[in-house]
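Welcome! Here is a short briefing to read alongside the sequence and the 3D view.

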Amino acid sequence: MTDTLLALSTARCRIAPLHADDAAALAAITDASVTDRVDFLPAPFTAADARALIAGSGGGDVFHAVRDRSGGRLHGVIGVHRRDAQMVEVGYWFAASARGQGLATEAVEAVVREIAASRPSAAIIAECHPDNERSRALLRRIGFLATGQAGRRPGRKVMKWRPGAGIDVC
């Protein structure tokens with residue numbers, strides 16, 4: 001797998017790399033509720049910042065657009081960050097208008113499963129702030145477990161994906 005997903009589809013989303021013409025829409029969904037949580041994003045996040053993030057996407061860091069299947073409206077972003085040959089980190093943010101609908105869970109799970117299928121020996125991790133309960137719950141739903149390890153970003157803890165960990169069996 002390259003770190004760029006060529007295209008994925010879920011029941012409600014299309015996921016593909018961000019492009020230069022996404023800058024205005026990306027700036028529009030990246031408000032203070034996002035920049036307060038994502039330490040590498042400047043606040044306020046402008047169209048110029050969006051263009052720079054998109055232009056810098058490549059190599060070990062690739063940002064993907066999450067759009068609705070019908071109109072193509074940008075709902076969120078999922079980053080795939082290669083830490084090394086055996087570790088891939090995922091991160092994400094979604095527009096305030098897209099939260100609470102299960103879109104993020106659906107999209108992030110699709111990306112994680114694609115990474116797992118194309119890199120079966122790679123560890124898949126995410127960093128999450130302990131007080132970001134909604135994000136931690138999303139990660140737990142799709143099979144991430146807390147490791148107790150400190151993340152690279154300030155105040156973050158590492159969670160690691162384990163296939164089947166999000167499924168209860170009785």
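Phe144 touches Val90, Val112, Ile124, Ile125, Ala126, Leu139, Met159, Lys160 and Trp161, leaving aside residues up to four places away in sequence; a contact here is heavy atoms within 4.5 Å. Please keep in mind that this is a predicted model, where local features need pLDDT of at least 70, side-chain atom pairs count only at pLDDT 80 or more, and totals for chains, interfaces and linings use all residues. Residues are numbered from 1 along each chain as its sequence is written, and side-chain values use heavy atoms, with hydrogens and water left out.

- Phe144 is also among the residues with the most contacts inside the largest nonpolar core, together with Leu18, Leu26, Trp93 and Phe94.
- That core has 48 residues; such a core joins buried Ala, Val, Leu, Ile, Met, Phe, Trp, Tyr and Cys residues through side-chain atoms within 4.5 Å.
- The largest share of this core, 9 residues, comes from α4 (helices are DSSP runs of H or I with at least four residues, strands are E runs with at least two, numbered from the N terminus).

**Helix α3**

- Ala50, Leu53 and Ile54 are buried in helix α3, residues 47–56 (buried means under 20% relative accessible area, exposed over 50%, with a 1.4 Å probe and protein chains only).
- These residues lie on the same side of α3 because they cover an arc of only 95° around the axis, taken from the directions from the helix axis to the C-beta atoms.
- The buried residues of α3 pack against α1 (23–29), β3 (61–68) and β5.
- Ala55 and Gly56 are exposed, on the face of α3 turned away from its buried side.
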